Amino acid sequence: MTTTSTAAAARARAASHPPGQLAVDLASVHKNFGSLQAVRGIDLTISSGEIVALLGPNGAGKTTTIDMILGLSRPSSGEVSVFGTQPRQAITRGLISAVMQTGGLLKDLTVAETVEYTASLFATSEPTGEVLRRAGITEIADRRVAKCSGGEQQRLRFAMALLPDPELLVLDEPTTGMDVDGRRNFWASIREDAAKGRTVLFATHYLEEADAYADRIVLLAHGQIVADGTAAQIKALSAGRTVRVTLPGADAHQLRQVPGVDSVELRGDTVLIHASDSDAVARYLLTATPARDMEITARGIEDAFLALTGDGNATGAATEGAAR
Amino acid sequence: MTAVAPDLSSRRAPALGGFNLTALRLEVRRMLRNRRTMLFTLILPVVFFLIFGLNKVYANDKLAHGNESAFIMLSMALYGAVLATTAGGAMVSIERAEGWSRQLRLTPLSPVAYIAIKMLTAMVLGLGSVVAVFVVGRATGVPHLDGILWIGCGLSVWVGSLVFAAYGLFMGYLLPTVNVMQILSFTLVLFAFGGGLFVPLSQFSPLLRTIAEYTPLYGLNQLVHAPVIGGDVKLVWVANAVAWLVIFAAGAIWRFRKDTARV
């Protein structure tokens, strides 16, 4: 087993990757399962060194997309390339590795044995003691996998993923089922690791997670990319509130002129106003119009997804993610 | 569009599709940890030998190159080896159920190298089973075999059990359950009766005997005992063993291809 010094590897990585070297390149990728269209035409490029979150509700096509990037499944049409090669090629050469959601561990091995086993399968690998330390599971190295908590098992999967010192680390909803503490600790490890320049792609349905750990968020809904931008840009899309009032004879055009209003919807006497500044809208409605029965509700990320996919606004909302 | 950077070209795939002795050692260790497997493959055949192989009524009856006790010892060694290799092969069922097979697809390990590791692990356990029965047999001092036959017959039992490593793999891929061995142990008992490992086929009715001659352990059982009884090796025995090896291996390859096909 050959060992690469992490620092040297990080320097090599930085030196050999001009910005714009593509870690992931998906070109009009579709994936159908029978009549179900899980992924409906995704174009996505990820440059070396980016930390990208694939954000979307359950069933948005996140796992399907990730499976294709990892070579676990084949697109129905379109091209998937990872570091300019086929996904399976990239895996055999240790260029990509992944932390999957659940399963994938042998209950009758210990933590250290699992790492040792996985390490033995690669041409070159990081020292097992080192990855255990970086994943924070040195203390439980001799524990059987069956006796590990969900969070500990996830750290073990992370340790295994670190073994080939991959250029791209893919995480599929890595903190599902973890408590708040476990989640924070897990992300601290990922963050520490990513600071060395590794490209990271993770799927999540928590906006907070995407916001806290990614420098670019790709928003996925119904198998399509509906927005792509920095965390701040994406957050703005879902940050608004909905103001609902009864206002007979409302003038939609006039309401749209009010500062802070994103969109106006008339339903008979009821008016729904989506606004980034709901305070200003409320002040205006209560002082300058006969509006009554006011309700103000936060627009959740799910609503943002629906808004983005439902109103055909997807192209307008999409922004180019800036390369780091 | 993408220039392959220098450090990427230095990234290489492992030799032999990822096959290595560390993985083999850990697989064997896993199997040794499984108490049920140990009980059925190492202890049960020995107990059977002690019960059936030492009976004073017939144990010392002479055969051409040994005695009846040695004959039974070989039967039990074959039974143990077959249980062991089947159990080893069938481990793929558990690994598929636990998602380990999928996890391995995120490593460079090639499917063929994985199968090679599984087969070898099964064969290591099979060897353990043969050695256990032989060592206990030797210690009792009752079985008699012409010197070289201890090695020759032992080897033929062991190599022959390869047929059942293929059987275990086939069933492991076919049956999606963690309890696959409970089903397989039952089929192995049937095969053992059919092969004449527990009761001589001469005691069967003519019809049952004809059926028994087509079962998977018949050929192997005849082959491993032939050197002790003396007399010619019949071609149908070899044909039986080879035919079943081909059937099980083809079945395993068929299911394995289906399992590893990317959808």
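**A helix crossing in chain B**

Mentor: Start where helix H6 (residues 111–140) of chain B packs on helix H8 (residues 162–174) of chain B: the angle is about 125 degrees and the axes are 10 Å apart. Before going on, the bookkeeping: residues are numbered from 1 along each chain as its sequence is written, and chains are lettered from A and ligands numbered from 1 in the order in which they are written. Also, this is a predicted model, where local features need pLDDT of at least 70 and side-chain atom pairs count only at pLDDT 80 or more, while totals for chains, interfaces and linings use all residues.

Helices here are DSSP runs of H or I with at least four residues, strands are runs of E with at least two, and both are numbered from the N terminus. The axes are lines fitted to C-alpha atoms, for helices over the stretch in contact, and the angles run from 0 to 180 degrees between N-to-C directions. H6(B) and H8(B) are therefore oblique to each other; the scheme calls angles under 35 degrees roughly parallel, over 145 roughly antiparallel, 65 to 115 roughly perpendicular, and the rest oblique. As for handedness, H6(B) crosses H8(B) in the right-handed sense, meaning that the near helix is turned clockwise from the far one by less than a right angle, with anticlockwise being left-handed.

Who actually touches? H6(B) brings Ile115(B), Lys118(B), Met119(B), Ala122(B) and Met123(B), and H8(B) answers with Leu162(B), Ala165(B), Gly168(B) and Leu169(B). Contact means C-beta atoms, placed from the backbone, within 7 Å. By type, the residues in this contact come out as seven nonpolar, one polar and one charged. Ala, Val, Leu, Ile, Met, Phe, Trp, Tyr, Cys and Pro are the nonpolar set, Asp, Glu, Lys and Arg the charged one, and everything else, Gly included, is polar. The spacing along each helix has a simple background: an α-helix has 3.6 residues a turn, so residues three or four places apart point the same way.

Now zoom in on H8(B). Its 13 residues should span 18 Å at 1.5 Å a residue, and its end C-alpha atoms are 18 Å apart, which agrees; the expected span is 1.5 Å times one less than the number of residues. The helix is mostly covered, with 12 of its 13 residues buried. Buried means 20 or more other C-beta atoms within 10 Å of a residue's own, exposed means 12 or fewer, and partly exposed is in between, with C-beta atoms placed from the backbone. The buried residues of H8(B) include Phe164(B), Tyr167(B), Phe170(B), Met171(B) and Tyr173(B). What do they pack against? Helix H4 (68–97), H6, helix H7 (147–160), helix H9 (180–195), helix H11 (218–229) and helix H12 (235–260), all of chain B.

Two of those neighbours, H7(B) and H11(B), also meet each other: their axes come within 10 Å and cross at roughly 175 degrees. That makes H7(B) roughly antiparallel to H11(B). Leu149(B), Gly152(B), Cys153(B), Ser156(B), Val157(B) and Gly160(B) of H7(B) meet Leu220(B), Leu223(B), Val224(B), Pro227(B) and Val228(B) of H11(B). This contact splits into eight nonpolar, three polar and no charged residues. Gly152(B), which sits in H7 of chain B, is partly exposed, with 15 other C-beta atoms within 10 Å.

H6(B) has H4(B) as a partner too: that pair packs at about 155 degrees, with axes 8 Å apart. That makes H4(B) roughly antiparallel to H6(B). Their crossing is right-handed, and the residues in contact there are 16 nonpolar, nine polar and one charged.

Stepping back, chain B has 12 helices and two strands, and its C-alpha atoms fill a box of roughly 80 × 40 × 35 Å along the principal axes. Of its 263 residues, 46% are buried. Among its contacts between residues at least 6 apart in sequence, 81% join residues at least 24 apart.

Chain A has 13 helices and 13 strands, and 47% of its 324 residues are buried. Where the chains meet, 34 residues of chain A are in contact with 31 residues of chain B. H4(A) gives the most to chain A's side, with five residues. That side divides into 15 nonpolar, 12 polar and seven charged residues.

Terms used
Contact = placed C-beta atoms within 7 Å.
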